[in-house]
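Work through the exercises below with the model open. Try each task before reading its solution.

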Amino acid sequence: MTPDDFDFLRKMLRERSGLVLAAEKQYLAESRLLPVARKYNIASLGDLVQQLRVMPNSPLAVATVEAMTTNETFFFRDKLPYDHFRDTILPALVAAHDRDKRIRIWCAAASTGQEPYSLALIIRELAQKEPALAAYRFDILATDLSGDVLERARSGIYSQFEVQRGLPIQLLLKYFSQVGETWQIAPEIRAMVQFRTLNLLNDFSPLGRFDVVFCRNVLIYFDQPTKIQVLNRIARQIAEDGYLALGAAETVVGLTDAFRPLTEKRGLYVPNPAARDLEPLAMAGGARRGM
Amino acid sequence: MKTCLVVDDSSVIRKVARRILEGLEFTIEEAEDGEQALDACRRRLPEAILLDWNMPKMDGYEFLRLLRRLPGGDGPKVVFCTTENDVAHIARALHAGANEYIMKPFDKEIVEAKFQEVGLI
């Protein structure tokens with residue numbers, strides 16, 4: 001791959017997915033795109049880029065973008081956001097929704113599904129201890145850029161290695177069945193999650209309003225204007241008494257006033273009423289800057 | 001520093017486990033079978049036990065049952081670490097008082113995750 005090819009690839013990734021690939025990461029592009037080239041019977045990465053230049057909207061381009069995204073995830077990753085969900089978010093939302101009894105949750109970068117399934121497991125476990133929860137409807141929407149990883153997520157099938165990273169053994173025993181060398185999550189847990197392909201650069205408004213948004217470990221791959229744009233557009237989809245959970249290395253501070261951090265709840269944010277009063281000008285302005 | 005007793009008849013597994021657990025700041029004791037492990041526990045109870053299932057003389061399951069009957073034997077967190085990876089074995093282990101369960105092969109991330117899960121880290 002020539003420097004010119006690599007520059008083309010970086011520009012394409014940024015435009016199509018927001019992913020910022022550092023100039024020194026050519027090795028990463030090469031290691032991830034060689035399997036794509038093989039799959040499409042393309043002789044070299046130079047030829048692959050040539051085809052992308054000629055056919056920018058081909059399945060090859062989709063496969064290229066998907067191959068460059070990072071899908072690292074595991075059950076109950078980082079633990080703390082799930083403690084917040086169980087101990088802070090759910091009790092508050094259950095009290096706030098005692099009339100409509102409907103709570104909507106969005107996992108914005110769900111990858112292979114461990115995050116939405118972890119939330120579903122928490123809800124299911126709590127509902128067994130607190131029968132009043134059984135009257136509530138929990139809708140979990142899990143989106144990701146990659147259709148391939150969502151296919152895996154839908155199947156709910158995980159390797160022995162994957163089910164041992166973060167998943168307590170009691171939950172494995174209770175909610176998974178062994179299928180050969182793999183483990184499949186129970187149908188009733190799979191039924192709690194809807195999966196849908198979504199590019200975070202695209203419009204969120206068709207998704208409706210959410211009470212909780214988990215958008216973890218994806219903003220780190222974006223440049224600053226894109227982070228601002230995504231956060232401001234999430235703010236428009238989140239209920240006034242809703243919550244936003246970000247990854248351990250992510251924050252809203254210095255990016256947007258649409259959310260404020262919750263004191264002593266690291267990684268957890270709530271909509272900022274003061275910023276809502278400024279809507280739509282301030283927030284649309286932020287979004288325009290990022291476009 | 002917390003102590004972890006590594007019980008496995010394979011010296012290779014004991015060596016790998018020692019390296020991982022020392023990296024997690026545990027002091028390591030070793031035993032080659034259930035009998036040796038029980039003797040070690042009668043002398044001094046460790047905070048954690050990483051326990052193989054199939055071993056000569058006394059297997060891990062039998063060791064666990066006897067450990068839990070010792071005075072203070074309910075104290076150590078016991079994490080099975082075995083090639084027995086079916087639901088029936090896992091259920092038996094938990095019923096006998098295991099706190100967590102690792103299915104071999106394992107790596108540092110899995111050991112760390114399981115030890116975190118039972119509050120050892």
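**Exercise 1. State how many residues line the largest pocket, and which lie nearest its centre.**

Step 1. The lining of the largest pocket has 24 residues. A pocket here is an open set of points on a 1 Å grid over the protein atoms alone, where a 1.4 Å probe fits, with protein on both sides within 12 Å along at least five of seven lines; lining residues have an atom within 4 Å of a point.

Step 2. Nearest the centre are A:F76, A:K79, A:G166, A:P168 and B:E117.

Step 3. Ala, Val, Leu, Ile, Met, Phe, Trp, Tyr, Cys and Pro count as nonpolar, Asp, Glu, Lys and Arg as charged, and the others, Gly among them, as polar.

Step 4. The space in the largest pocket is about 620 Å³. That volume is the space filled by probe spheres set on the points, which are joined across faces, edges and corners.

A note on conventions. This is a predicted model: local features need pLDDT of at least 70, side-chain atom pairs count only at pLDDT 80 or more, and totals for chains, interfaces and linings use all residues. Residues are numbered from 1 along each chain as written, chains are lettered from A and ligands numbered from 1 in the order written, and side-chain values use heavy atoms, without hydrogens and water.

**Exercise 2. Describe the second largest pocket.**

Step 1. Its space is about 450 Å³.

Step 2. Its lining has 24 residues, with A:T70, A:A109, A:D144, A:N217 and A:V218 nearest the centre.

Step 3. The classes are 11 nonpolar, 8 polar and 5 charged.

**Exercise 3. At what angle does α1(A) pack on α3(A)?**

Step 1. Helix α1 (residues 3–17) and helix α3 (residues 45–54), both of chain A, pack at about 50°, with axes 10 Å apart. Axes are lines fitted to C-alpha atoms, for helices over the stretch in contact; angles run from 0 to 180 degrees between N-to-C directions.

Step 2. So α1(A) is oblique to α3(A). Under 35 degrees counts as roughly parallel, over 145 as roughly antiparallel, 65 to 115 as roughly perpendicular and the rest as oblique.

Step 3. From α1(A), A:D4, A:D5, A:F8, A:L9 and A:M12 meet A:G46, A:V49, A:L52 and A:R53 of α3(A). Contact means heavy atoms within 4.5 Å.

Step 4. These residues divide into 5 nonpolar, 1 polar and 3 charged.

**Exercise 4. At what angle does α1(A) pack on α4(A)?**

Step 1. Helix α4 (residues 59–68) of chain A packs with α1(A) at about 90°, axes 10 Å apart.

Step 2. Therefore α1(A) is roughly perpendicular to α4(A).

Step 3. The contact has 7 nonpolar, 2 polar and 1 charged residues.

**Exercise 5. Find the loop that holds A:K79.**

Step 1. A:K79 sits between α4 and α5 of chain A.

Step 2. Its phi is near 60°, positive in a residue other than glycine.

How values were computed. Helix = DSSP H or I, 4+ residues; strand = E, 2+ residues; numbered from the N terminus.
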